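Visitor: I would like a close look at one part of this protein, the place where aromatic rings gather. Please take me through it in one go.

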Amino acid sequence: MGRYISSQQSTRSDVKYALCNFGGNAAAVTYRLLNEEFLPARNIPGVNPVPLPSAISQYGSYGTVSPSGYGLAMDPVFTLGGAYHGYPNNTTNNTYYDGAIQQAFGYGGAHAAPSTNGNGYSNYTGRCGEFGHDHWNLDAKGALLLPRRSPSYGVETKTELNDAFVNGDLSDRSLTLLLWNGVLYLARRAEAEAIVVSNGTRGFISKFTVPSLPNGFYGTASYNRTRNELVILGGSSATSSSGMWLRLYRNLPTLDATSDLNAILSAITPTQLSISWSGWTPAADAEAVGGATPVLTDNGDVFVGFFNAGSALYVVRFQRTGDTTFGTPSNHVSYGVTTSYGRNNARGSGMQVMQTRDGSTVAFYSQYYYYGAGLGVITVNKRSNSARVMYSDSDTSYGRSLLHWGEAGFAVAFNSSSSYSAHGNGAVYGYDCSVQTATVSPTQFTLSIPNGYTSAAPHPFFVEVNL
């Protein structure tokens, strides 16, 4: 079903390793493979430049991908034919920019989507979601699978997969749920990219068309395995908070690789709650309304995260008052921002969503400032039915990356700013989210980067990979 996916690779569990470099140019850097606790799994010797192709033609009408910098060969861990970049795709310029490859193997960890063919500001904070460019797939032979072109925007497909990601604590971690163009999909994580590339014609195990859900609502669902329930957030329009609803499906069987979503959900008459917002309200745009995302916790409460550009990242709570009833939304926790950009303005901006490897905790996060600088992370713990600010800063120069750490935690790594430089403070913090309650925030740990640097050192670059 997926593109270049072997049956062996596609049924593996979720990402367990992170590839890490430590600055310098691409011809002379140190790479290490880290395990799920960010401890060295192995060094990767013999990183050498390899020839670059002149272009990649499969991006079709979205233009040509131009080579830049060095390609890398790290056999047998993985091989890559080159690092690519070009002008961003727009109405006056048909060269497609593949930030995933250039940012990974350019100069030491800067993450930029330049407006010209040169350097630019860090854009990492807003680009590393559940399927972001810090989460790549390797096939059975160890070759890196390049992100494909999105039919909608001409950007990395994995960026749009971030928008479509549905948080769900599925027992089979090779599986994922996506909500894309009004359809809920069950798919292998390693094959999900094909859903977006094919406009929903392949890449999935089963699917369910959500009744009366206009296009523009993405990722607006949550599955809770403990309760065997699914909630879907929608409305009459993906750009208006008026007419929004919360739909509850109860008594689902446990979802696995044999599940037929259409048969299961079509047989259930859902309970629908019309939402009357009070206090915090999603702004009237595709970022805040179409991107608003629910988390269904073990006691039945629903927390909804959304991003009002120029204001804040918000998480509100709908308290469960009965088997099929909810109270009015209550203001819960927020993180104030300066940037006026959401995903409706720039694909790298706005709210992103990621969940811990065990599915117990969901992170809503966004950049603080323009150019991907600063970071705020609000975590919702499904087990303890709580929302807390895990991490926040108001940095206006440097980006951040959010990655998995252990079974029930996240890691925050600092990234460099403009010009693909790799200098500045490079601390990496780990957060144990398993301890989170209504009054206790995730516990912070300073992680020892394998070469000993934790501050005043080159910013390492981390890429989560499936092996």
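Guide: Start with the cluster itself: Trp277, Trp280, Phe306, Tyr314 and Phe318 are linked by ring pairs. Bear in mind that the model is predicted. In total, 12 aromatic pairs are counted. Trp277 sits in the loop between β15 (271–274) and α6 (286–290), while Phe318 belongs to strand β18 (residues 312–318), so the pair ties together parts that are 41 residues apart in sequence.

Another ring has a charged neighbour: Arg247 lies over the face of Trp245, at a distance of 3.7 Å from the ring centre.

The rest of the chain gives the setting. The protein chain has 6 helices and 28 strands. Taking contacts between residues at least 6 apart in sequence, 60% join residues at least 24 apart. The accessible surface of the protein chain is about 15,900 Å², and carbon and sulfur atoms account for 46% of that surface.

Methods: Residues are numbered from 1 along each chain as its sequence is written. This is a predicted model: local features need pLDDT of at least 70, side-chain atom pairs count only at pLDDT 80 or more; totals for chains, interfaces and linings use all residues. Side-chain values use heavy atoms; hydrogens and water are left out. Rings of Phe, Tyr and Trp (its six-membered ring) pair if their centres lie within 6.5 Å; planes under 30 degrees apart count as stacked, over 60 as edge-to-face and the rest as tilted. Helices (H or I, at least four residues) and strands (E, at least two) are DSSP runs, numbered from the N terminus. A charge sits over a ring if NZ of Lys or CZ of Arg is within 6 Å of the ring centre and within 35 degrees of the ring normal. Contact means heavy atoms within 4.5 Å. Accessible areas come from the Shrake-Rupley method with a 1.4 Å probe; for residues, only the protein chains shown count as cover.
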